[in-house]
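Please read it with the structure open.

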Amino acid sequence: MVSMKNIQNVRTDYVKGVLNLQDLQDSPGQQLSSWLQDAIKAEALDANAFCLSTINSKGFPRGRNVLVKGVEEEAILFYTNKRSSKSADLSFNPKAGATFFWPELERQVCIYGNVTELSDQENDSYFASRPRESQLGAWVSKQSQPLSSREELDATLKAVREKYKDLDVIDRPNHWGGFRIAFVSVEFWQGRASRLHDRIVYRKSKSGQWEKWLLQP
Ligand SMILES: Cc1cc2nc3c(=O)[nH]c(=O)nc-3n(C[C@H](O)[C@H](O)[C@H](O)COP(=O)(O)O)c2cc1C
């Protein structure tokens, strides 16, 4: 084992909240939105970040953080480079996990669902709302491809800045856009004392209604 002091003693006793079935909203999207607002209020760092898990063509799962940019009653939206590793995974297997963790609130949300691409209209409208530097960045990065040096990236940024210097509007690259994760299962987790946490999961019944029930910690 690699020697590391105290790792076995790192643990938190969770005491900040309680989760009751009757307090939760009818739809998982409404409940997620309410917890995101709590996280923003609590000034959680990157309150809208979640770990996106995908599976590649060799069957390996991999997670990385992205930012949620839209919450619907039954789905969440995020944006990325369509030529990235995660996008390749999603075209091979359009299913994903999404895990939020807000340590400040001792809360976690674990989602899995089916993934589809957003429309050109949705992509254009969000791209237009991004800061100019982020828009330029979308043209600069061949996300997930090998990079020979930082200087190569800086040189590409300089060339892209030059290209767009007289233009007010930066067009969206075709390889940049978003995905929608339509919920199949959404679990809300509130840390409790002695590892006896509160867990409530939402699943859709055959009649199309969201049902929710408690899970063992
Ligand atoms: C807090 C945080 C938020 C991030 N948000 C995004 C995002 O919204 N979209 C994105 O493409 N990458 C985002 N990234 C970078 C990704 O984690 C990842 O490095 C990148 O998308 C390449 O992933 P891939 O090679 O697995 O496709 C974020 C990273 C962090 C730490």
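Predicted model: local features only at pLDDT ≥ 70, side-chain atom pairs only at ≥ 80, totals over all residues.

1. The chain has five helices and eight strands. Along the sequence they follow the pattern α-β-β-β-α-β-β-α-α-α-β-β-β.

2. **Overall dimensions.** The C-alpha atoms fill a box of roughly 55 × 55 × 40 Å along the principal axes. Of the 217 residues, 18% count as buried. Take the contacts in the chain with a separation of 6 or more: 62% of them join residues 24 or more positions apart.

3. **Strands 1 and 2.** Strand 1 pairs with strand 2 in the antiparallel sense, over seven bridges. Which residue of strand 2 is the bridge partner of Ile55? The partner is Pro61.

4. **Strands 2 and 3.** Strand 2 also pairs with strand 3, again antiparallel, over four bridges. Val68 has Phe78 in strand 3 as its bridge partner. This hairpin has two residues between its strands.

5. **Strands 6, 7 and 8.** Strand 6 and strand 7 are antiparallel and share six bridges. Ser185 is bridged to Arg203 in strand 7. Five bridges then join strand 7 to strand 8 (residues 210–214), also in the antiparallel sense. Lys204 stands opposite Trp210 of strand 8. Strand 7 and strand 8 form a hairpin with five residues between them. In its turn, Gly208 has a positive phi of about 90°.

6. **The largest nonpolar core.** This core holds 25 residues. Ala96, Ala98, Val109, Ile111, Ile181 and Val186 touch the most other members. Which elements each supply at least two residues? They are helix 1 (28–41), strand 1 (49–55), strand 3, strand 4 (95–102), strand 5 (107–117), strand 6 (176–190) and strand 7 (198–204). Strand 6 gives the most, with six residues.

7. Ala98 is found in strand 4. Is Ala98 buried or exposed? There are 23 other C-beta atoms within 10 Å of its own, and 20 or more is the cut-off for buried. So Ala98 is buried. Leaving out residues up to four places away in sequence, Ala98 touches Phe50, Leu52, Ile76, Ile111 and Ile181. Phe50 is 48 residues apart from Ala98 in sequence, yet the two C-alpha atoms are 6.0 Å apart.

8. With the same exclusion of residues up to four places away, Ala96 touches Leu52, Ser53, Thr54, Leu90, Tyr112, Gly113, Val115 and Ile181. Leu52 and Ile181 are among the residues that Ala98 touches too.

9. **The ligand shell.** There are 15 residues around the ligand. Thr80, Ser84, Ser85, Lys86 and Ser144 come nearest. Strand 2 (61–72), strand 3 (75–81) and helix 2 (85–92) each give two or more residues to the shell. By type, the shell divides into five nonpolar, seven polar and three charged residues.

10. **Ser144.** This shell residue is found in the loop between helix 4 (132–140) and helix 5. Ser144 has 14 other C-beta atoms within 10 Å and is partly exposed. Please inspect its backbone in the model.

11. **Asn6.** Here is another non-glycine residue with a positive phi, this one of about 70°. Asn6 is found in the segment before helix 1. How many other C-beta atoms lie within 10 Å of Asn6? The count is 6. The cut-off for exposed is 12 or fewer, so Asn6 is exposed.

12. **Helix 5.** Helix 5 (residues 150–164) has 15 residues. From first C-alpha to last, helix 5 reaches 21 Å, close to the 21 Å expected at 1.5 Å a residue. Why does helix 5 lie largely in the open? The number of buried residues among its 15 is zero, so helix 5 lies largely in the open.

Terms used: Residues numbered from 1 in each chain as written. Near = placed C-beta within 6 Å. Nonpolar A, V, L, I, M, F, W, Y, C, P; charged D, E, K, R; others polar. Core = buried A, V, L, I, M, F, W, Y, C linked by C-beta atoms within 7 Å. Contact = placed C-beta atoms within 7 Å. Expected span 1.5 Å × (residues − 1). Pairing = 2+ DSSP bridges.
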